[in-house]
Amino acid sequence: MAGKFATSWALVKASAAVLRSDRELLVFPLLSGVATLLVVASFALPLLATGGLAHLHDVTARSGGGFGVAGYALLFLFYLCQYTVIFFFNTALVGAAMMRLDGDNPTLADGLRLAWSRLPAILGYALIAATVGMLLRALEQRAGLIGRWVIGLLGVAWTVATFLVVPILAATDLGPAEAVKESARLLRRTWGENLIGNVGISMAFGVLFAAIALLGGAMFLASGSHSLAVNGVVAAVFVLAFILLGLIQSALQGIYSAALYRYATVGSAGDGFEATTLAQAFRVKA
């Protein structure tokens, strides 16, 4: 386990070095965030304007937690749109990261062009992910406490097993179903790094988010409620800090997945990654 942790941390540090050398990669999660907000607005605003949200709430209350046929159809469509947007920009990010790992100097257009060329596969994978998400959501609403815990574990297992789907879509011509199978196949080779690296990134940024929240709260208390202008500036600064941290975390996870996929498949994570360190955890098979 110590070797797995060391290898995972080496991957994370090298991923951070890649991001420092190509900060343009931060634009992809920024575009993804803006696009997902637009998708949310495109669903939420019409529902609010027509009273549809209140109707869905009434249906949910009458059915004991279920959405009804129309509600589930709308939720599925929302999942499909959101996943398509997220996977599109993640594919662009991972594709650009792979170009960087190959020693190239990719532009924003290069990543977007690659994602556009894989759009049919991205749509197919979004359809699969939306279906799985809907099934888990429906089962969760009908399960008891233990059942919800089990379903939560199934969701985690799905996330882990499909972690390398986006790099596979970016690097190959495989279809969505084949990409899911390939990601699951590679899981046995990348199990430790997959879990430890992602948990490590999440924990590190969780600490940073918590520290910023505590610092912001302390500054609000220090400034006093009488200074609305100061409070407004403090709030704006910390909102921007949260956004920046979120962008960095998303970019790092994309670069990490690209490096992990490369090493698992070709035996080299790319520029900036020490092969001798990584070889302690991976044994690439012919």
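Select helix H5 (residues 108-117) and helix H6 (residues 119-142) to start: the two pack at an angle of about 70°, with their axes 5 Å apart. Helices here are DSSP runs of H or I with at least four residues, numbered from the N terminus. Axes are lines fitted to C-alpha atoms, for helices over the stretch in contact, and angles run from 0 to 180 degrees between N-to-C directions. H5 and H6 are therefore roughly perpendicular to each other, a label that covers angles of 65 to 115 degrees. To see where they touch, show Ala115, Trp116 and Ser117 in H5, which meet Leu119, Pro120 and Ile122 in H6; contact means heavy atoms within 4.5 Å.

You are looking at a predicted model, where local features need pLDDT of at least 70 and side-chain atom pairs count only at pLDDT 80 or more, while totals for chains, interfaces and linings use all residues. Residues are numbered from 1 along each chain as its sequence is written, and side-chain values use heavy atoms, with hydrogens and water left out.

Stay in H5 and pick Asp110 and Arg113. They form a salt bridge, with the closest N and O atoms 3.0 Å apart; the term means a side-chain nitrogen of Lys or Arg within 4 Å of a carboxyl oxygen of Asp or Glu. The two residues sit 3 apart in helix H5, about one turn of the helix. Asp110 is partly exposed at 23% relative accessibility, whereas Arg113 is exposed at 52%. Buried means under 20% relative accessible area, exposed over 50%, and partly exposed in between (1.4 Å probe, protein chains only).

Next, select Arg100 and Asp22. Which parts of the chain does this pair tie together? Their salt bridge has its closest N and O atoms 3.2 Å apart. Arg100 lies in helix H4 and Asp22 in the loop between helix H1 (2-21) and helix H2 (27-50), so the bridge ties together parts 78 residues apart in sequence. Arg100 is buried at 18%, and Asp22 is buried at 6%.

Now try Arg262 and Asp102, whose side chains meet in a salt bridge (2.4 Å, N to O). Arg262 is buried at 15% relative accessibility, but Asp102 is partly exposed at 48%.

Finish in helix H4 (residues 68-101) with Gln82. This residue is buried, at 12% relative accessibility. Leaving aside neighbours within four places in sequence, Gln82 is in contact with Thr36, Val39 and Val40.

Terms used. Parallel < 35°, antiparallel > 145°, perpendicular 65-115°, else oblique.
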